[in-house]
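Morning, everyone. Please have a look at the model on the screen, and I will walk you through it.

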Amino acid sequence: MLAISIVQFALYLAAFVLGLKFFLLKKTPLYFRLLFYGVACFLLEEIYYAVDFACTGVWGETFSFAAFGASAGYAFMFSANYGQFDSFVDDGSAGCERARKIAYLAPILLVVLYAFMGVECIRLTGRVAFVVLTILCKLPAFAAGYYNLKHLLLPDSMHFVVDSLRPCNLMCLCLILFDSVSDILDVLGYKLAYGICETIIAVILVLVMIFAERGHKAWKI
(Lines give C-alpha, C1' and ligand atoms only; values in the text may rest on other atoms or scores of the structure.)
Protein backbone atom coordinates (compact mmCIF):
# COMPACT_ATOMS: atom_id res chain seq x y z
CA MET A 1 0.00 0.00 0.00
CA LEU A 2 2.91 2.35 0.65
CA ALA A 3 4.24 1.81 -2.87
CA ILE A 4 0.78 2.42 -4.33
CA SER A 5 0.42 5.60 -2.27
CA ILE A 6 3.77 6.91 -3.54
CA VAL A 7 2.68 6.30 -7.14
CA GLN A 8 -0.62 8.04 -6.43
CA PHE A 9 1.11 11.08 -4.96
CA ALA A 10 3.42 11.31 -7.98
CA LEU A 11 0.40 11.24 -10.31
CA TYR A 12 -1.45 13.90 -8.32
CA LEU A 13 1.66 16.06 -8.46
CA ALA A 14 2.00 15.43 -12.20
CA ALA A 15 -1.61 16.55 -12.76
CA PHE A 16 -0.93 19.71 -10.75
CA VAL A 17 2.29 20.52 -12.64
CA LEU A 18 0.58 20.00 -16.00
CA GLY A 19 -2.28 22.28 -14.99
CA LEU A 20 0.14 24.87 -13.67
CA LYS A 21 2.00 24.85 -16.97
CA PHE A 22 -1.10 24.81 -19.17
CA PHE A 23 -3.47 27.17 -17.39
CA LEU A 24 -1.91 29.26 -14.63
CA LEU A 25 1.44 30.39 -15.99
CA LYS A 26 -0.18 31.85 -19.09
CA LYS A 27 -3.40 33.66 -19.83
CA THR A 28 -6.25 31.19 -20.32
CA PRO A 29 -10.07 31.32 -20.10
CA LEU A 30 -11.56 31.01 -16.61
CA TYR A 31 -13.14 27.66 -17.54
CA PHE A 32 -9.76 25.92 -17.69
CA ARG A 33 -8.35 27.67 -14.66
CA LEU A 34 -11.31 26.45 -12.60
CA LEU A 35 -10.58 22.89 -13.69
CA PHE A 36 -6.96 23.37 -12.61
CA TYR A 37 -8.05 24.74 -9.22
CA GLY A 38 -10.13 21.58 -8.82
CA VAL A 39 -7.09 19.39 -9.44
CA ALA A 40 -5.08 21.52 -6.98
CA CYS A 41 -7.70 20.80 -4.29
CA PHE A 42 -7.34 17.05 -4.84
CA LEU A 43 -3.58 17.44 -4.49
CA LEU A 44 -3.99 19.33 -1.20
CA GLU A 45 -6.05 16.46 0.18
CA GLU A 46 -3.36 14.01 -0.89
CA ILE A 47 -0.63 16.15 0.71
CA TYR A 48 -2.52 16.06 4.02
CA TYR A 49 -2.65 12.26 4.04
CA ALA A 50 1.02 12.01 3.03
CA VAL A 51 2.09 14.36 5.84
CA ASP A 52 -0.14 12.54 8.32
CA PHE A 53 1.48 9.23 7.37
CA ALA A 54 4.97 10.74 7.62
CA CYS A 55 4.19 11.98 11.14
CA THR A 56 2.33 8.95 12.51
CA GLY A 57 3.59 6.05 10.42
CA VAL A 58 0.05 4.75 9.81
CA TRP A 59 -2.70 5.49 7.32
CA GLY A 60 -5.76 7.06 8.94
CA GLU A 61 -8.80 4.78 9.08
CA THR A 62 -11.27 7.39 10.32
CA PHE A 63 -12.87 10.32 8.54
CA SER A 64 -10.61 13.31 8.05
CA PHE A 65 -11.76 16.81 7.15
CA ALA A 66 -9.04 16.74 4.50
CA ALA A 67 -11.69 14.87 2.50
CA PHE A 68 -13.30 18.26 1.91
CA GLY A 69 -10.40 18.85 -0.49
CA ALA A 70 -12.21 16.60 -2.96
CA SER A 71 -15.42 18.49 -2.16
CA ALA A 72 -13.74 21.77 -3.14
CA GLY A 73 -12.33 20.09 -6.25
CA TYR A 74 -15.80 19.07 -7.40
CA ALA A 75 -17.12 22.52 -6.55
CA PHE A 76 -14.58 24.06 -8.93
CA MET A 77 -15.49 21.54 -11.65
CA PHE A 78 -19.14 22.39 -11.16
CA SER A 79 -18.37 26.12 -11.32
CA ALA A 80 -16.55 25.67 -14.65
CA ASN A 81 -19.71 24.36 -16.36
CA TYR A 82 -22.42 26.20 -14.45
CA GLY A 83 -23.94 29.62 -15.09
CA GLN A 84 -22.77 31.79 -17.96
CA PHE A 85 -20.90 29.02 -19.77
CA ASP A 86 -23.89 26.66 -19.58
CA SER A 87 -26.27 29.35 -20.87
CA PHE A 88 -23.89 29.94 -23.79
CA VAL A 89 -23.76 26.30 -24.93
CA ASP A 90 -27.40 25.44 -24.14
CA ASP A 91 -29.57 27.20 -26.75
CA GLY A 92 -32.82 25.63 -25.54
CA SER A 93 -33.26 23.45 -28.64
CA ALA A 94 -34.84 19.99 -28.58
CA GLY A 95 -31.39 18.38 -28.52
CA CYS A 96 -30.40 20.45 -25.50
CA GLU A 97 -33.64 19.59 -23.74
CA ARG A 98 -32.94 15.89 -24.29
CA ALA A 99 -29.42 16.31 -22.91
CA ARG A 100 -30.76 18.09 -19.82
CA LYS A 101 -33.14 15.22 -19.07
CA ILE A 102 -30.60 12.43 -19.61
CA ALA A 103 -28.03 14.28 -17.49
CA TYR A 104 -30.12 13.63 -14.38
CA LEU A 105 -28.93 10.02 -14.60
CA ALA A 106 -25.54 11.10 -13.20
CA PRO A 107 -26.77 12.42 -9.82
CA ILE A 108 -29.37 9.62 -9.63
CA LEU A 109 -26.61 7.01 -9.99
CA LEU A 110 -24.60 8.75 -7.28
CA VAL A 111 -27.61 8.71 -4.96
CA VAL A 112 -27.92 4.95 -5.47
CA LEU A 113 -24.18 4.33 -4.95
CA TYR A 114 -23.91 6.43 -1.80
CA ALA A 115 -27.14 5.03 -0.41
CA PHE A 116 -25.62 1.57 -0.79
CA MET A 117 -22.34 2.76 0.76
CA GLY A 118 -24.17 4.34 3.69
CA VAL A 119 -26.32 1.30 4.41
CA GLU A 120 -23.35 -1.08 4.24
CA CYS A 121 -21.13 1.15 6.37
CA ILE A 122 -23.74 1.49 9.10
CA ARG A 123 -24.49 -2.25 8.96
CA LEU A 124 -20.82 -3.26 9.17
CA THR A 125 -19.40 -0.59 11.48
CA GLY A 126 -22.24 1.50 12.87
CA ARG A 127 -20.38 4.70 11.88
CA VAL A 128 -23.32 7.01 11.12
CA ALA A 129 -21.25 10.20 11.45
CA PHE A 130 -18.73 8.84 8.92
CA VAL A 131 -21.52 8.22 6.41
CA VAL A 132 -23.04 11.67 6.89
CA LEU A 133 -19.72 13.50 6.58
CA THR A 134 -18.64 11.46 3.55
CA ILE A 135 -21.87 12.19 1.70
CA LEU A 136 -21.63 15.89 2.62
CA CYS A 137 -18.12 15.92 1.13
CA LYS A 138 -19.34 14.45 -2.14
CA LEU A 139 -22.47 16.58 -2.64
CA PRO A 140 -20.73 18.96 -5.11
CA ALA A 141 -19.93 15.88 -7.23
CA PHE A 142 -23.67 15.35 -7.75
CA ALA A 143 -24.02 18.79 -9.34
CA ALA A 144 -20.73 18.53 -11.22
CA GLY A 145 -21.71 15.14 -12.65
CA TYR A 146 -24.99 16.53 -13.95
CA TYR A 147 -23.27 19.25 -15.96
CA ASN A 148 -20.43 17.00 -17.12
CA LEU A 149 -22.93 14.51 -18.55
CA LYS A 150 -25.12 17.28 -19.97
CA HIS A 151 -22.20 18.91 -21.79
CA LEU A 152 -21.02 15.51 -22.98
CA LEU A 153 -24.39 15.03 -24.69
CA LEU A 154 -25.19 18.59 -25.84
CA PRO A 155 -25.36 19.09 -29.62
CA ASP A 156 -22.74 21.44 -31.07
CA SER A 157 -23.79 22.68 -34.50
CA MET A 158 -20.53 24.63 -34.90
CA HIS A 159 -18.41 21.68 -33.67
CA PHE A 160 -16.36 24.13 -31.67
CA VAL A 161 -17.04 24.80 -28.00
CA VAL A 162 -18.75 21.67 -26.68
CA ASP A 163 -17.19 19.13 -29.04
CA SER A 164 -13.66 20.09 -28.01
CA LEU A 165 -14.52 19.58 -24.33
CA ARG A 166 -16.26 16.20 -24.58
CA PRO A 167 -13.13 14.13 -23.71
CA CYS A 168 -12.52 16.36 -20.69
CA ASN A 169 -16.12 16.04 -19.51
CA LEU A 170 -15.91 12.28 -19.98
CA MET A 171 -12.81 12.16 -17.79
CA CYS A 172 -14.55 14.24 -15.12
CA LEU A 173 -17.44 11.78 -15.13
CA CYS A 174 -15.00 8.88 -14.79
CA LEU A 175 -13.36 10.70 -11.88
CA ILE A 176 -16.68 11.03 -10.07
CA LEU A 177 -17.63 7.40 -10.76
CA PHE A 178 -14.32 5.91 -9.60
CA ASP A 179 -14.31 8.15 -6.53
CA SER A 180 -17.72 6.87 -5.47
CA VAL A 181 -16.70 3.26 -6.17
CA SER A 182 -13.52 3.73 -4.11
CA ASP A 183 -15.62 4.90 -1.16
CA ILE A 184 -17.69 1.72 -1.42
CA LEU A 185 -14.60 -0.50 -1.69
CA ASP A 186 -13.10 1.19 1.37
CA VAL A 187 -16.23 0.58 3.42
CA LEU A 188 -16.40 -3.08 2.32
CA GLY A 189 -12.75 -3.58 3.30
CA TYR A 190 -11.36 -4.43 -0.14
CA LYS A 191 -8.08 -2.62 0.50
CA LEU A 192 -6.19 -3.72 -2.61
CA ALA A 193 -9.09 -2.92 -4.92
CA TYR A 194 -9.48 0.39 -3.11
CA GLY A 195 -5.80 1.21 -3.66
CA ILE A 196 -6.05 0.35 -7.36
CA CYS A 197 -9.18 2.46 -7.69
CA GLU A 198 -7.47 5.42 -6.01
CA THR A 199 -4.56 5.06 -8.43
CA ILE A 200 -6.97 5.14 -11.36
CA ILE A 201 -8.42 8.36 -9.92
CA ALA A 202 -4.95 9.91 -9.91
CA VAL A 203 -4.43 8.85 -13.54
CA ILE A 204 -7.78 10.36 -14.47
CA LEU A 205 -6.78 13.71 -12.94
CA VAL A 206 -3.72 13.74 -15.22
CA LEU A 207 -5.98 12.98 -18.20
CA VAL A 208 -8.39 15.76 -17.18
CA MET A 209 -5.56 18.28 -17.49
CA ILE A 210 -4.32 16.80 -20.79
CA PHE A 211 -7.75 16.77 -22.41
CA ALA A 212 -8.53 20.22 -21.01
CA GLU A 213 -5.41 21.54 -22.74
CA ARG A 214 -6.49 19.91 -26.01
CA GLY A 215 -9.85 21.63 -25.66
CA HIS A 216 -8.10 24.91 -24.93
CA LYS A 217 -6.00 24.57 -28.08
CA ALA A 218 -9.13 23.85 -30.12
CA TRP A 219 -10.72 27.05 -28.79
CA LYS A 220 -7.75 29.05 -30.09
CA ILE A 221 -7.96 27.71 -33.63
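One definition before we start. A helix here is a DSSP run of H or I, at least four residues, and helices are numbered from the N terminus. Also keep in mind that this is a predicted model.

Start with helix α6, residues 105–125. Arg 123 and Glu 120 both sit in α6, three residues apart, so about one turn of the helix lies between them. They form a salt bridge, with the closest N and O atoms 2.7 Å apart. Are these two buried or exposed? Arg 123 has 57% relative accessibility and counts as exposed. Glu 120 is buried, at 14%.

Why would such side chains pair at all? Opposite charges can pair when the charged atoms come close.

Glu 97 is partly exposed at 30% relative accessible area. Arg 100 is partly exposed too, at 21%. Both belong to a network of salt bridges that also links Asp 86, Asp 90, Lys 101 and Lys 150.

Next, a salt bridge across the chain. Asp 179 meets Lys 138 at 3.4 Å, N to O. This pair links distant parts: Asp 179 is in helix α8, Lys 138 in helix α7, 41 residues apart. Both residues are buried. How many salt bridges does the structure hold? It holds 11.

On to helix packing. The axes of α6 and α7 come within 8 Å and cross at roughly 165 degrees. Angles over 145 count as roughly antiparallel, so that is what α6 and α7 are to each other. Their crossing is right-handed. The axes of α3, residues 68–81, and α7 also come within 8 Å, crossing at roughly 30 degrees. That makes α3 roughly parallel to α7. This crossing is left-handed.

Now the surface. Ile 102, Tyr 104, Leu 105, Ile 108, Val 112 and Leu 153 form a nonpolar patch there, with about 560 Å² of accessible area together. Which helix gives the most to this patch? Helix α6 does, with three residues. Tyr 104 lies in the loop between α5 and α6, and is partly exposed at 47%.

Val 17 is in helix α1. In sequence, Val 17 and Met 209 are 192 residues apart, yet their C-alpha atoms are 9.5 Å apart in space.

Technical notes:
Residues numbered from 1 in each chain as written. Predicted model: local features only at pLDDT ≥ 70, side-chain atom pairs only at ≥ 80, totals over all residues. Heavy atoms only, no water. Patch = residues over 30% accessible without salt bridge, like charges linked within 9 Å, V, L, I, M, F, W, Y side chains within 5 Å. Areas by Shrake-Rupley, 256 points an atom, 1.4 Å probe, with all protein chains shown as cover. Salt bridge = Lys/Arg side-chain N within 4 Å of Asp/Glu carboxyl O. Helix = DSSP H or I, 4+ residues; strand = E, 2+ residues; numbered from the N terminus. Buried < 20%, exposed > 50% of the residue type's maximum accessible area, 1.4 Å probe, protein only. Axes fitted to C-alpha atoms, helices over the stretch in contact; angles between N-to-C directions. Parallel < 35°, antiparallel > 145°, perpendicular 65-115°, else oblique. Left-handed = near helix turned anticlockwise from the far one by under 90°.
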